[in-house]
Amino acid sequence: MCNASVCTGRCTQCAPGQYKDVQGTGPCIMCPSHTFNVNRGSRDVDACRSCPLNSQTEPGVRGASNISACSCVPGYYPAIPERAGPDYLRCEGCPQGGDCSTGEFRPRVKGSRFVANAITGYMRVSYCPPGHVMVPVSYTHLTLPTKRIV
């Protein structure tokens, strides 16, 4: 800021969620959608890390400063082990009997209960309400990759 030929001001680091890849007094640039940056003073867009697989930020959100801006896309749920820190997100496909249309897990059958594995965070049926039975998941529909041995 200049007043009567005396200029004041200072340089400060770009905030988390931003970067600046050129010299000058211009503004910092917000990280693109579906990315986040936890660091101050970032010098290029590579500092903006992509949201984990099967997750994204809300449409139009730019400049996210931590992973909490990322959430699972519809059809997936956050499978988070008990000992995971606040900067952890892994989105897994919705388990049979679940509804993950919002990116969060809900039992499809009212009154059923699921429990998360403490190590992996995977959900599994733990209780079926009266009139319902647990059906084992069948993996016969999966196509496993084959490896050709030469």
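Reader: Why is C94 called partly exposed?
Author: C94 has a relative accessible area of 27%. Buried means under 20%, exposed means over 50%, and partly exposed is what falls in between, using a 1.4 Å probe and protein chains only. C94 therefore counts as partly exposed.

Reader: What should I know about the model and the numbering?
Author: The model is predicted: local features need pLDDT of at least 70, side-chain atom pairs count only at pLDDT 80 or more, and totals for chains, interfaces and linings use all residues. Residues are numbered from 1 along each chain as its sequence is written, and side-chain values use heavy atoms, with hydrogens and water left out.

Reader: What makes the link of C94 and C100 a disulfide?
Author: The S to S distance is 2.2 Å. A disulfide is a pair of cysteine sulfur atoms within 2.5 Å, so this pair qualifies. The torsion about its S-S bond is 70 degrees, and the link is right-handed.

Reader: How do you know whether C100 is buried or exposed?
Author: C100 has 3% relative accessibility, so it counts as buried.

Reader: How many disulfides does the structure hold?
Author: Five. Another one joins C51 to C70, with an S to S distance of 2.0 Å.

Reader: Why is the disulfide of C51 and C70 called left-handed?
Author: The torsion about the S-S bond is about -75 degrees, so the link is left-handed. This pair links distant parts of the chain, 19 residues apart. C51 sits in the loop between strand 6 (49-50) and strand 7 (55-56). C70 sits in the loop between strand 7 and strand 8 (71-72). Strands here are DSSP runs (E, at least two residues), numbered from the N terminus.

Reader: Why do C51 and C70 count as buried?
Author: C51 has a relative accessible area of 10%, so it is buried. C70 has 7%, so it is buried too.

Reader: What makes C72 and C91 a tie between separate parts of the chain?
Author: Their sulfur atoms are 2.1 Å apart, in a disulfide. C72 lies in strand 8 and C91 in strand 10 (residues 91-93), so the pair ties together parts that are 19 residues apart in sequence. The torsion is -90 degrees and the link is left-handed. Both cysteines are buried.

Reader: Why is the contact of E92 and R90 called a salt bridge?
Author: The N to O distance is 2.9 Å. A salt bridge needs a side-chain nitrogen of Lys or Arg within 4 Å of a carboxyl oxygen of Asp or Glu, so the pair qualifies. The structure holds one salt bridge. E92, at 21%, counts as partly exposed. R90, at 23%, is partly exposed as well.

Reader: Why are C11 and T12 called exposed?
Author: C11 has a relative accessible area of 82%, so it is exposed. T12 has 58%, so it also counts as exposed. T12 lies in the loop between strand 2 (6-7) and strand 3 (18-19). The C-alpha atoms of T12 and G41 are separated by 8.1 Å, although the two residues are 29 apart along the chain.

Conventions. Helices (H or I, at least four residues) and strands (E, at least two) are DSSP runs, numbered from the N terminus.
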